[in-house]
Amino acid sequence: MTVKAVKMGCTAPNVYSKVPDGGWGWTVAFAFFFVEALTYGILKSFGVFFNDLMESFDETNSRISWIISICVFVQTFTAPLSTVLSNRFGHRLVVMAGGVLISTGMVIASFARSVVDMYITIGVISGLGYCLSFLPTVTILSLYFDKRRSLVTAVASTGECFAVFSFAPAITALKEQIGWRYSLLSVGVLQLSIVVCGSLLRPIIIQEQEEVKAQPPEEPTETKYMLENEQTRTSIESIDSGVEITTSPSNVPGKTKAEPKSEEPKEHVQILAENNSSPPEPKTKLLDFSVMRDYSFICYAFFGLFATLGFFAPSLYIIPLSLSLGIGKDHSAYILSAMAIAEVFGRISAGWVLNKKPIRKIYIELICVVLLSVALFAFPFASEFWGLMTCSIFFGFMLGTVAGTHIPLLAEDDVVGIEKMSSAAGVYVFIQSLAGLAGPPLAGVIVDTTQNYSSAFYSCAAGMVLGAVFLSLVRPCKVGLCHCSQWGAEESAVGAAPDLPDDFIDMDIGKGENSGKGENLGKSENSGKGSDSVV
């Protein structure tokens, strides 16, 4: 049951006693849906402007590809900056600032006079805005959910799929009416709504309720009082017998400070100290690079590095490929839309499967990556509309299973866990930046060299295969590291056992006290008997 500790305003953080798995998290998921649509959805729909930019600026495939390449590079390279700013100023302000940057870059790009202007506006300005908008949103969404995290994240991430499905035909029709420049201007104005989505991201605080454990001091105190009364009675009887023997606690070794009156005040002071003193809150690191010492995270980061080669290039080159095969513009847009719809089902299916327990999620991800590699290798063999449509649907479905889960999987114990999710996401996306920078231009160079758009998919498939290899090493590295650390801990414990005689000292002290008590009681009994014999 989720319990809010304090009733706060709409701008204040949500305070829960544990991860709510709902609550305001549904609003955050709604905001993430539209952030995905207006960030990655626009990036994947940018292929509709590809031929227009080549004709307007008289540039080659590879130089036009650098627009998206620089944008993806800046988006992923500045991921640590996004993490630092989110931890410092909060996710809400960072996402709102990112929305302003995205809209500004797109609007200015509509007035560009050269491809270099597009590099700066869309590549740098909008790219930085994409980073500040996407990463904090998916991070805070992961904090609101635990058991439903995979399913909710997968469903919310379908926003980019619906965006590609709707934006690609809409932008194509809009270009025929007002031209590509005003179409790009309209897209920039639409992306300003990211600011509204960012305003819905209320921070969350998980504040566990401290259970007050009842201390049982009554029984030991009562036992002590009974012992003292017994000893006092024995001393009185001994004095009446003519023998002056006192066995009061003041004369018994080890009981010199047994004052029952001081017991209650000490107890009271201790309770007050526990209530007034709260444990100091640990300082939140702006960016925790300790995840780089985790071998499983390193393998997972290399998986993201190589898999990114196959994320953007197919969506960017699917329309030019279809046009080169003699397929009309309208049918080409339908192919991209079909890919987007298949990706929706892929994301939802992956989220549903990963939400099942018990299941090793990292292995499900590996199977999806292998099938995604097969889909990429199938594109060059398509030669007509329906063949290309089949490959696009299969690729879109498998892309959805991977793209919607690879970042949330960082929160799983097989990688880094939920505690280091924020820093791990920043470092992970930062490492992806190299592939994001090299992927589309590398495909463009291959296309310019071979004069065949089908060859661009080979570089994507090769990168995805390498990613699958590193992903298969994540779980073995985690298990092997745990075993090594456990073996080292056991070895150190065995080696240090002879050097820790504290337990034996405590036992000897306890025995000494018990023997002292026994001797004193024995002496008092013998003295009582002696007095009786004298009488």
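**Close-up views of a predicted model**

View 1. The structure is a predicted model, where local features need pLDDT of at least 70, side-chain atom pairs count only at pLDDT 80 or more, and totals for chains, interfaces and linings use all residues. Residues are numbered from 1 along each chain as its sequence is written, and side-chain values use heavy atoms, with hydrogens and water left out. Leu-410 sits in the largest nonpolar core, a set of 121 residues, and joins Met-118 and Tyr-300 as those with the most contacts inside it. Helix α7 gives the most to this core, with 12 residues. To count as a nonpolar core, buried Ala, Val, Leu, Ile, Met, Phe, Trp, Tyr and Cys residues must be joined through side-chain atoms within 4.5 Å. Buried means under 20% relative accessible area, exposed over 50%, and partly exposed in between (1.4 Å probe, protein chains only). Helices are DSSP runs of H or I with at least four residues, numbered from the N terminus.

**View 2. The largest cavity and its lining.** This cavity holds about 310 Å³ of space, and the model has 5 cavities of 30 Å³ or more. Of the 25 lining residues, Tyr-40, Phe-134, Ala-403, His-406 and Ile-407 are the closest to the centre. On a 1 Å grid over the protein atoms alone, a cavity is a set of points where a 1.4 Å probe fits but cannot get out, and lining residues have an atom within 4 Å of a point. Grid points are joined across faces, edges and corners, and the volume is the space filled by probe spheres set on the points. At least two lining residues come from each of α1, α2 (40-45), α4 (61-77), α7 (115-144), α17 (385-403) and α18 (421-450). Helix α7 has the largest share, at 4 residues. By type, the lining splits into 13 nonpolar, 8 polar and 4 charged residues; Ala, Val, Leu, Ile, Met, Phe, Trp, Tyr, Cys and Pro count as nonpolar, Asp, Glu, Lys and Arg as charged, and the others, Gly among them, as polar.

**View 3. Ser-126 in helix α7.** Ser-126 belongs to α7 and counts as buried because its relative accessibility is 0%. Its side chain reaches the backbone oxygen of Ile-102 at 3.2 Å. That is a polar contact, meaning a pair of N or O atoms within 3.5 Å; within protein, one must be able to donate a hydrogen and the other to accept it, and residues adjacent in sequence count only if both atoms are side-chain atoms. Beyond four places in sequence, Ser-126 is in contact with Leu-101, Ile-102, Gly-105, Met-106 and Thr-121.

**View 4. Ser-45 in helix α2.** Here's another serine in a helix, this time α2, and Ser-45 is buried at 1% relative accessible area. A polar atom of the Ser-45 side chain lies 2.8 Å from the backbone oxygen of Gly-41. Leaving out residues up to four places away in sequence, Ser-45 touches Ala-163, Val-164, Phe-167 and Ala-168.

**View 5. Ser-150 in helix α8.** Ser-150 lies in α8, residues 149-156, and is buried, with a relative accessible area of 9%.

Definitions and conventions
1 Å grid on protein atoms, 1.4 Å probe; cavity = no way out; pocket = protein on both sides within 12 Å on 5 of 7 lines; lining within 4 Å. Contact = heavy atoms within 4.5 Å.
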